[in-house]
Amino acid sequence: MTKSSTANDPTFRSAPRKSNLRANLFLAECIGVTWAYLRALYHRGDEEGGGIWHGKRSSTAILQIHLMAAFAVIYMVRLNAMSRWLLPRELSVEEITFVILVWLPSIMGSYAMLRADDVSAFTLLVATALYAVGSYLNSYSELQRMWWKANPANKGRCYTLGLFSASRNVNYFGDTVLFAGWAIATGSVWNVWVPLVMGSMFWFHHIPDKEAYLAKRYRKDWDSYKAQTPYAFIPYVC
């Protein structure tokens with residue numbers, strides 16, 4: 001979806017939710033994508049007798065598969081909790097089509113099919129730490145904003161505190177860190193494409209698009225917020 005098309009989407013960013021139809025559709029799509037990912041993850045190699053259920057994998061490889069499965073389930077639960085409760089806006093057409101039916105399946109398919117068996121326990125530890133940090137940055141920043149917005153005194157104001165005082169798009173940075181950890185867990189260098197492409201999309205498309213919208217919506221707060229927090233993506237870096 002281009003910048004012009006998102007800006008013209010009536011459900012873009014601020015349209016209030018009128019029903020749970022799109023949220024329910026999104027949930028069903030997430031369940032389907034997760035099922036396909038888990039099936040690919042656990043049954044890859046069954047034809048050659050090398051699947052996880054055939055007892056031919058090391059304990060670390062089995063731990064890796066279970067960990068990658070947990071990453072997917074946790075991510076999908078968190079994604080739906082955020083879309084249903086933390087973000088009271090309507091889901092966009094892009095989110096219920098391209099994001100969940102093309103973008104996420106491409107990532108998760110790459111993770112499942114390019115997974116390497118020779119990953120070390122230390123690598124899985126690093127991956128888990130990055131996944132946890134990324135999840136925290138994304139989810140807790142949204143929680144902080146929701147709690148602040150719940151105060152009627154803050155109606156119509158731009159949230160500039162908490163984790164968003166370290167980066168204006170710390171939630172996007174958290175997602176990139178999360179998927180970098182998930183990519184590391186696969187043990188395949190080829191999966192580095194995911195955080196690289198994701199970070200580039202945030203930096204070159206989503207952040208300019210979002211901030212152009214916020215600059216118009218919060219005219220009184222935006223200039224001072226940019227001066228207070230000059231980092232658009234990576235906290236205290238850029």
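**Helix packing, nonpolar core and aromatic pairs**

Not counting residues up to four places away in sequence, Thr-34 touches Val-73, Met-76 and Met-108, where contact means heavy atoms within 4.5 Å. The model is a predicted one, in which local features need pLDDT of at least 70 and side-chain atom pairs count only at pLDDT 80 or more, while totals for chains, interfaces and linings use all residues. Residues are numbered from 1 along each chain as its sequence is written, and side-chain values use heavy atoms, with hydrogens and water left out.

Thr-34 is found in helix α2; helices are DSSP runs (H or I, at least four residues) numbered from the N terminus. With a relative accessible area of 9%, Thr-34 is buried (buried is under 20% relative accessible area, exposed over 50%, partly exposed in between; 1.4 Å probe, protein chains only). A polar atom of the Thr-34 side chain lies 2.7 Å from the backbone oxygen of Cys-30. Cys-30 and Thr-34 are both among the buried residues of α2, which also include Ala-23, Phe-26, Glu-29, Val-33, Tyr-37, Leu-41 and Tyr-42. The buried residues of α2 pack against α3, α4 and α6. The end C-alpha atoms of α2 are 33 Å apart, which agrees with the 33 Å that its 23 residues should span at 1.5 Å a residue (the expected span is 1.5 Å times one less than the number of residues).

The largest nonpolar core has 54 residues, and those with the most contacts inside it are Tyr-37, Tyr-75, Met-76, Tyr-111, Phe-179 and Trp-182. At least two residues of this core come from each of α2 (21–43), α3 (59–86), α4 (93–113), α5 (121–149), α6 (170–186), α7 (193–217) and α8 (219–228). Such a core is a set of buried Ala, Val, Leu, Ile, Met, Phe, Trp, Tyr and Cys residues joined through side-chain atoms within 4.5 Å. Beyond four places in sequence, Tyr-111 touches Tyr-37, Met-68, Phe-179, Trp-182, Ala-183, Thr-186, Asn-191 and Val-194.

Ser-110 lies in helix α4 and is buried, with a relative accessible area of 11%. Leaving aside neighbours within four places in sequence, Ser-110 is in contact with Arg-115, Asn-191 and Trp-193. The C-alpha atoms of Ser-110 and Thr-186 are separated by 9.3 Å, although the two residues are 76 residues apart along the chain.

In α6, 16 of the 17 residues are buried. From first C-alpha to last, α6 reaches 25 Å, close to the 24 Å expected at 1.5 Å a residue. Gly-187 follows α6 and has a positive phi, near 75°.

The count of aromatic pairs comes to 19 (rings of Phe, Tyr and Trp, the last by its six-membered ring, pair if their centres lie within 6.5 Å; planes under 30 degrees apart count as stacked, over 60 as edge-to-face and the rest as tilted). The pair of Tyr-159 and Phe-164 is edge-to-face, because the ring centres are 6.0 Å apart and the planes stand at 80°. Tyr-159 counts as buried at 8% relative accessibility, and Phe-164 is buried at 1%. Phe-173 and Phe-233 also form an edge-to-face pair, 5.9 Å centre to centre with 90° between the planes. This pair links distant parts of the chain, with Phe-173 in helix α6 and Phe-233 in the segment after α8, 60 residues apart. Both Phe-173 and Phe-233 are buried. Ring pairs also link Tyr-37, Phe-71, Tyr-75, Tyr-111, Tyr-131, Phe-179 and Trp-182 into a cluster.

Notes. A polar contact is a pair of N or O atoms within 3.5 Å; within protein, one must be able to donate a hydrogen and the other to accept it, and residues adjacent in sequence count only if both atoms are side-chain atoms.
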